[in-house]
Amino acid sequence: MGRNWAIVVGINHYENLRSLNFAKRDASVMATWFQQEAKFNQVFLFTDDSPAIAANSPIPTQPTFGHVRRFLRAQFENIQSPLLKPEDNLWFFFAGHGNRYKDKDYLMFSDSDPGDVENTAISVDYVTQRLRRSGADNVVLFLDACRDESSRAGLGIGEQSYQGVITFYSCTANQKSWEIEELQHGSFTHSLLEGLRLQGEANCATVERLAQYLCYQVPHLNTRYGKPAQNPYLQAEPPYKMYFILLEQTATLRDVEPLKYQASQAENRGDLLLAKQLWVRVLAVSRGDLDAIEAIGRIARRQPFSSELPISTPMPVPSPSGGRSLSSEPDTGSSTPPEPTPKLLFAQRQKFLQWVGLGGVVTIVSGVFLSIFWNYERLQSKSPTPSSPAPSSPVPNLPTLQKALQNCRLSSATGTNPSLPKKGILVMVDPGHGIPPDTGSLGFFREEDVVLPISKKIATILEKNGVQALLTRDKDCTISGGTVRSSLAYRVKMAEQVNADLFVSIHAEVFNKKAHGFEIFTSNNSNSQRLGQLVSSSIVQSINGLFNRGLKAGEHLFILKNVSMPSILVDPGFIDNKEDAALLNNPDFQNKMAEAVAQGIIQYLKEKKQIN
Ligand SMILES: [Zn+2]
């Protein structure tokens, strides 16, 4: 069985920031849980009044910048002889203020100066790099760190990708992490403790299920105690870490199945190092597991000289994650043909989705993360980003556009001429791209091809429910002398012209082949955000296990910025990620997704009393 270490930090007293009430208590209770219930081998506690760590010269633990930084440096600097082994786990818990500076996430310590973040706070980047050097393959971060209520510094911890690290964020960017007087805890930490204590089938022994639990529990807790929304967010990098077992003692045999699958996959790929690490983790829970024993023997025969598990090399943490763009140009220069849809993978994923559906907890909700960073990334993008043209360029006016239209036309769900004028409530459903040169992204297939059937299905379902729905296109079409901007302007103008009540655009994403899950962008107004929330929770409820990347601010997106009605942009998945692509290409999944989006829209219209 692997060893478990934890570093636990909780700060109530801040010299230069508003002090907190329960961060210290959160940390102390977590530390007690690590020591007494989870029987961790080592727990290092840093709070306002924690005792020094016993050593030749005792290590002070008051959570100042200097103390914590020195501890991380001194403990984890020596790569040559790491303290831990790959099968070990290193946990880092932080309750306090967070800050974001120059696109980097920082943890604020008791003496950190918000006016000099770089020199007085510790970046999450630095923490993860040091922790990776411990040698443990499982590095797990819990950051209950967006507690700053002051309006200026109220930046959430953001979306940065930390290689080799599992990170649980307590909330998303434009949210705060709330403390609840009645519970004497932060809402996140309270839920975390509850989740970690669950036993039996409903346990949270795996990363994915703990995330599901938190994402379900925290918003409910906040509602119950009258606090604003707070949506925890999980980041697991590489994504197979989602299936890792956090708590061997509460894991059930069911929990090792996804891990066994990941191990087989790694072995099939020839990644024997990873495969062996994963099989060892399987054995830790499922002692005497024949598959694991055989596999480890098999790997040993293929690698006759490596009887010891090699220490995993700490990976350099990449600089802030690359610019991903909603509408990046397909890399047509690449001659790599799309790989065929992996059938096995898909079947396994389906099976996995069944496993993760535990009674009552079916949600993976995240929320809006770091729109500021996101915008920045998009604006920096070198490739033309159709969704974010320079703000100085006006929308082409309608007559010009109509003259230019060739075969782009509004369509109803069945492809026939739409019955206009509008009768009652009208929803404009917009399949993204498909109007050259506005071509979508290219993954295993073209973005414009996968968003079209989903959009059509949404329109059909809306019509069946008595809501008039129009599509901005029912096939690829052209606008003469067209540009990406005219493609986007066409959609905006059509929505305005028919006086649509809602605008719902469907896209799919391409990023780094690993990113997966769905996300929703909303216009910057409460109706759009509410629409986004309802569609998001409808998807979460009806598609069990689908990873929710959250609700995001989309005011930088041309369409969302320019239409006057409530509007959202739904990205149901990543077409460059094998598993997502297999889902998106599957008619059953398309139906489920369309049904979920349509039901979210209907719920919104009912809530607003626009339909009965
Ligand atoms: Zn797109």
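Helices are DSSP runs of H or I with at least four residues, strands are runs of E with at least two, and both are numbered from the N terminus. The model is predicted: local features need pLDDT of at least 70, side-chain atom pairs count only at pLDDT 80 or more, and totals for chains, interfaces and linings use all residues. Residue numbers start from 1 along each chain as its sequence is written.

The protein has 18 helices and 18 strands. Of its 612 residues, 52% are buried, where buried means 20 or more other C-beta atoms within 10 Å of the residue's own, exposed means 12 or fewer, partly exposed lies in between, and C-beta atoms are placed from the backbone. A contact requires C-beta atoms, placed from the backbone, within 7 Å. Of the contacts between residues at least 6 apart in sequence, 76% join residues at least 24 apart.

Helix α2 spans residues 65-76 and contains R69. R69 counts as partly exposed because it has 17 C-beta neighbours inside 10 Å.

Three strands form an open, antiparallel sheet in the order β4-β5-β6. Both β4 and β6 are edge strands with a single partner strand each, so one side of each has no neighbour in the sheet. Strands pair if DSSP finds at least two bridges between them.

| Strand | Residues |
|---|---|
| β4 | residues 98-101 |
| β5 | residues 104-107 |
| β6 | residues 122-123 |

Two bridges join β5 to β6, and the two strands run antiparallel. Y106 has S123 of β6 as its bridge partner.

Terms used. Two residues are in contact if their C-beta atoms, placed from the backbone, lie within 7 Å.
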